[in-house]
Amino acid sequence: MTKKIAILPGDGIGVEIVAEAVKVLECLRADFGLNIETETGLIGGAAYDAKGHPLPDETLQLAKESDSILLGAVGGYKWESLDISVRPEKGLLGLRAGLDLFANLRPAILYPQLADASTLKPEIVSGLDIMIVRELTGGIYFGQPRGVRTLDNGERQGYNTLVYKESEIDRIGRVAFDIAMKRGKRVCSVDKANVLECTELWRQVMEGVAKDYSDIELSHMYVDNAAMQLVKAPKQFDVMVTTNMFGDILSDCAAMLTGSIGMLPSASLDINSKGMYEPIHGSAPDIAGQGVANPLATILSVAMMLRYSLNEAAHADRIEKAVNNVLDQGLRTPDIYSDGMQKVGTAQMGDAVVTNLKKLVN
Ligand code: NAD
């Protein structure tokens, strides 16, 4: 059966990097018989400009009727002064909430070819392979009440609310434990249970989930220590599971351990493993339009999509092999460049992946 993929490039470098990922999908369809169709939609600032809203109804509809979604990135200077309710990021949050994509999988893997690109010593990071499981549809990013109010003395006060129901904690816990079963069988749950009652509950529910997974070793860590440990001794972690905001911050920290934010894919899954796939980075307005963005995180997001949502692991393996071969050949976008390597732009990098894919026919 033909699988439908919604393509949502978004803003800034999103447009450039998604174009390269689409080349890879086209190659798999034409040369390897992958049975897919694609349809492109608007999201973020581009959608606001065209339709007056960062998540137009037709885009949400397209996402709902598709088997999977490939997203570039949203946001940029141009839309920063808009009311928060129509800022580009609202489009992304709306999509995650509208599709109930509650589980965000963010692998942080260090490619041996890029050990020098990390700012940490190679012995600290070489062989790094962490999976951060971030809760994505709850917590302080969605909690009510929220806003900015004026107090009796005329001073303004900003406020947000951190809320989690037991069921929300339980389901993200199970995703993390299931993934750990296929990996190193260790889960580290990250919270701030010494200060926040909400994450005290988080810790209790994780303990409950662990009772159903006798093979898994569960540990708990406060988020401030987790940030420190990620930089000090990151290889101690296998799977980390945490709240929406803590996961947002820790996964960017883990990303930098690997040398480049431009290398890391992510998946956001619903309860049936339908997913939205996107690089972990944003729209990088500082380099947008220059043709220098690294498209590999987006291309690797396609590999994750094939593996986790479309049941096409062999195609995912091909993409990952082609990316590995490109790195072996010394091709580097500026963000991962080091002396002696060949500096290439976004399109050259995408073309090189396709060329290497084609070599894998039979
Ligand atoms: P960013 O991830 O866009 O950029 C951070 C730094 O990393 C920049 O120096 C950028 O040039 C670099 N970078 C990012 N991706 C790269 C790539 N593929 N290749 C090479 N270099 C890359 O984060 P930011 O600057 O904090 O945010 C910029 C905009 O993106 C904001 O509007 C923000 O809201 C938005 N944003 C969107 C998403 C998303 O769509 N999922 C995520 C984060 C930020």
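Predicted model: local features only at pLDDT ≥ 70, side-chain atom pairs only at ≥ 80, totals over all residues.
Visitor: What makes Asp 100 count as partly exposed?

Guide: The relative accessibility of Asp 100 is 34%, which lies between the limits of 20% and 50%, so Asp 100 is called partly exposed. Asp 100 sits in the loop between α4 (88-98) and β4 (103-109), and Asp 100 also has a positive phi, of about 55°, without being a glycine.

Visitor: How do you know that α10 is largely enclosed by the rest of the structure?

Guide: Of the 13 residues of α10, 11 are buried, so this helix is largely enclosed by the rest of the structure. Among the buried residues are Leu 296, Ile 299 and Met 304.

Visitor: Why is α1 called oblique to α11?

Guide: The axes of α1 (residues 13-32) and α11 (residues 313-328) come within 12 Å and cross at roughly 120°. An angle of 65 to 115 degrees would count as roughly perpendicular and one over 145 as roughly antiparallel, so the crossing of roughly 120° makes α1 oblique to α11. The contact is made by Val 24, Leu 28 and Phe 32 of α1 together with His 315, Arg 318 and Ile 319 of α11.

Note on methods:
Residues numbered from 1 in each chain as written. Heavy atoms only, no water. Buried < 20%, exposed > 50% of the residue type's maximum accessible area, 1.4 Å probe, protein only. Helix = DSSP H or I, 4+ residues; strand = E, 2+ residues; numbered from the N terminus. Axes fitted to C-alpha atoms, helices over the stretch in contact; angles between N-to-C directions. Parallel < 35°, antiparallel > 145°, perpendicular 65-115°, else oblique. Contact = heavy atoms within 4.5 Å.
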